[in-house]
Amino acid sequence: FPSRARATFGGTSMTLGIRGRLFVTSLAVLALAVTVVVAYVTTSLRAALEERMTDDLRSRAEALAVDLPAARPTLAPPALAAELGRRVLARVTLLDETGRVLGDSQVAESELSRVENHGDRPEVRAALAGRIGSSSRASATVHHGMLYVAVPVRAPPIAVVRVASPIDPLEIAVARGRQLALAGGLLRSEE
């Protein structure tokens, strides 16, 4: 094991002694540790925030499902979805027992016939089977990331009420958490 090693940085050749090699090794170990911590914090933060958002949307959807049978007779599904969306400050979609969209708070009534059937969406399949379902994905209708929660409801022709919220705030919070974890790791390494 030689006591000196040659290293090249930016075209300049340097000879590293044992201290230099230990310094470079400790930097590499530190970089790896910071990377692992940042990845862990990012993953944990994303999971916790998504769970919290899902719980919030579930509460809103369940409240709408309770109120929907009484509200349904007074408004047509498109107007009802718009009203419910304003009430819960989220996107609301009303679907029939096949997954056909009857109303969506972010889709004009004149455009509803162009919206594809949602019966194959995971959260809708769960609601049609009598369970609460949730999913996170890019919306084919409004073209950005959304978190969805769907619940079954008995208000014919409405069989499912789905509540959705953009995932952007979650992504921003996770990015900020990643920056803070990275900064904390770098500050800690200076001690």
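Begin with L30, which counts as partly exposed at 31% relative accessibility, and bear in mind while looking that this is a predicted model.

From the surface, go to the interior. In soluble globular proteins, nonpolar side chains tend to be buried together. The largest nonpolar core here has 25 residues, and the ones to select are L68, V92, L94, I158 and V161, which touch the most other members. Helix 1, helix 2, strand 3, strand 6, strand 7 and helix 4 (168-189) are the elements that give two or more residues to this core, and helix 1 gives the most, with six residues.

Keep V92 selected and show what surrounds it. Beyond its neighbours within four places in sequence, V92 is in contact with a list of residues that includes L64, A81, L84 and G85, and also G103, D104, V161 and V163. Apart from this core lies another one, of 10 residues, and V101, V107, A127 and V160 are among them.

Next, select L89, in the loop between helix 2 (77-88) and strand 3 (91-95). Is L89 buried or exposed? L89 counts as exposed because its relative accessible area is 73%, and its backbone also deserves a look, for L89 has a positive phi of about 55° although it is not a glycine.

Move on to D96, which is found in the loop between strand 3 and strand 4 (101-104). D96 is an acidic residue that counts as buried, at 6% relative accessibility, and its side chain meets that of R100 in a salt bridge with an N to O distance of 3.2 Å. The backbone nitrogen of R100 is involved with D96 as well, lying 2.9 Å from a polar atom of the D96 side chain. In contrast to the buried D96, R100 counts as partly exposed, at 47% relative accessibility.

Which residues does D96 contact once its neighbours within four places in sequence are left aside? They are L102, L128, P157 and A159. Of these contacts of D96, take P157 as the next selection, and find it in the loop between strand 6 (145-155) and strand 7 (158-166). The peptide bond from P156 to P157 is cis, with omega near 10°.

Select E123 and R162, whose side chains meet in a salt bridge at 2.9 Å, N to O. E123 lies in helix 3 (residues 122-128) and R162 in strand 7, so this pair ties together parts that are 39 residues apart in sequence. Both partners are buried, E123 having a relative accessible area of 0% and R162 being at 1% relative accessibility.

Finally, select E116, D120 and R121, which are linked in a network of salt bridges. In the bridge between R121 and E116, the closest N and O atoms are 2.4 Å apart; R121 counts as buried at 9% relative accessibility, whereas E116 counts as partly exposed at 47%.

Terms used: Residues are numbered from 1 along each chain as its sequence is written. This is a predicted model: local features need pLDDT of at least 70, side-chain atom pairs count only at pLDDT 80 or more; totals for chains, interfaces and linings use all residues. Side-chain values use heavy atoms; hydrogens and water are left out. Buried means under 20% relative accessible area, exposed over 50%, partly exposed in between (1.4 Å probe, protein chains only). Helices (H or I, at least four residues) and strands (E, at least two) are DSSP runs, numbered from the N terminus. A polar contact is a pair of N or O atoms within 3.5 Å; within protein, one must be able to donate a hydrogen and the other to accept it, and residues adjacent in sequence count only if both atoms are side-chain atoms. Contact means heavy atoms within 4.5 Å. A nonpolar core is a set of buried Ala, Val, Leu, Ile, Met, Phe, Trp, Tyr and Cys residues joined through side-chain atoms within 4.5 Å. A salt bridge is a side-chain nitrogen of Lys or Arg within 4 Å of a carboxyl oxygen of Asp or Glu.
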